[in-house]
Amino acid sequence: MTKLLTIGEAAKASGLSAKMIRHYEQSGLLDKTPRTEAGYRLYNTQQLRQLNFIRRGRQLGFSLEEIHSLLNLWRDPGRESREVKHIAEKHLQDVAQKIAELQQIHGVLEKLANQCCGNSNPDCAILDSLAGPESMV
């Protein structure tokens, strides 16, 4: 017989907060849990695997919508791996774009920080740039 865990135990085992577990259940990412007569949620091994799947997906930056799609594919033994790969490659493109944007921001901030004297003088290139009409990036 599989041991059922309370939400606190499931939170500890999965590395997620109880609040996030409730959110994932409410949003449909996590299968509904059986409850005790007192209304306490009880989690089984399969739901813990789902929680770990969700946590790992979030760590990799997948959106909740992407995780939902991936969970549906994971649950489907007749899935085609090309669907999974398509989701991962699309996410990889999004991550690469975010990295490029962050590198551009880094360059602008580095330039501004170098232009600011950082002394007792009130003049500051950083503030002037933020207040200026032109785009910084």
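A salt bridge is a side-chain nitrogen of Lys or Arg within 4 Å of a carboxyl oxygen of Asp or Glu. The model on screen is predicted, so local features need pLDDT of at least 70 and side-chain atom pairs count only at pLDDT 80 or more, while totals for chains, interfaces and linings use all residues. Residues are numbered from 1 along each chain as its sequence is written, and side-chain values use heavy atoms, with hydrogens and water left out.

**Stop 1: salt bridges**

Select Asp-31 and Arg-75. Their side chains form a salt bridge, with 3.5 Å from N to O. This pair links distant parts of the chain, 44 residues apart: Asp-31 is in the loop between helix 2 (18–26) and helix 3 (45–59), and Arg-75 is in helix 4 (residues 64–75). Helices here are DSSP runs (H or I, at least four residues), numbered from the N terminus. Asp-31 is partly exposed, at 34% relative accessible area, and Arg-75 is partly exposed at 30%. The scale is as follows: buried means under 20% relative accessible area, exposed means over 50%, and partly exposed lies in between (1.4 Å probe, protein chains only).

Next, select Lys-90 and Asp-94. This salt bridge has an N to O distance of 2.8 Å. How far apart are Asp-94 and Lys-90 in helix 5? They are four residues apart, which means a separation of about one helical turn. Lys-90 is partly exposed, with a relative accessible area of 40%, and Asp-94 is partly exposed at 25%.

Then go to Lys-3 and Glu-9, which meet in a salt bridge at 3.8 Å, N to O. Lys-3 is exposed, with a relative accessible area of 56%, whereas Glu-9 is partly exposed at 35%. A search of the whole structure finds six salt bridges.

**Stop 2: helix 1**

Select Ile-7, Ala-10, Ala-11 and Ser-14, the buried residues of helix 1. Seen down the axis of helix 1, they fall within an arc of 105°, so they line one face of the helix. The arc is that of the directions from the helix axis to the C-beta atoms. These buried residues pack against helix 2 and helix 3.

Keep Ser-14 selected. Ser-14 is buried, with a relative accessible area of 2%. Leaving aside neighbours within four places in sequence, Ser-14 is in contact (heavy atoms within 4.5 Å) with Ile-21, Leu-51, Asn-52 and Arg-55. Just after helix 1 comes Gly-15, with a positive phi of about 80°.

**Stop 3: the core**

Select Ile-21 and Leu-51. Within the largest nonpolar core, which has 19 residues, these two have the most contacts. A nonpolar core is a set of buried Ala, Val, Leu, Ile, Met, Phe, Trp, Tyr and Cys residues joined through side-chain atoms within 4.5 Å. Helix 1 (7–14), helix 2, helix 3 and helix 4 each give two or more residues to this core. Which helix gives the most to this core? Helix 4 does, with four residues.

Now show what surrounds Ile-21. Beyond its neighbours within four places in sequence, its contacts include Ile-7, Leu-30, Tyr-43 and Leu-51.

**Stop 4: a surface patch**

Last, select Leu-102, Ile-105 and Leu-109. These residues make a nonpolar surface patch of about 290 Å². Leu-102 is in helix 5 (residues 81–115) and is exposed, at 56% relative accessible area. Patches are made of residues with over 30% relative accessible area and no salt bridge, where like charges are joined within 9 Å and nonpolar side chains (Val, Leu, Ile, Met, Phe, Trp, Tyr) within 5 Å. Accessible areas come from the Shrake-Rupley method with a 1.4 Å probe; for residues, only the protein chains shown count as cover.
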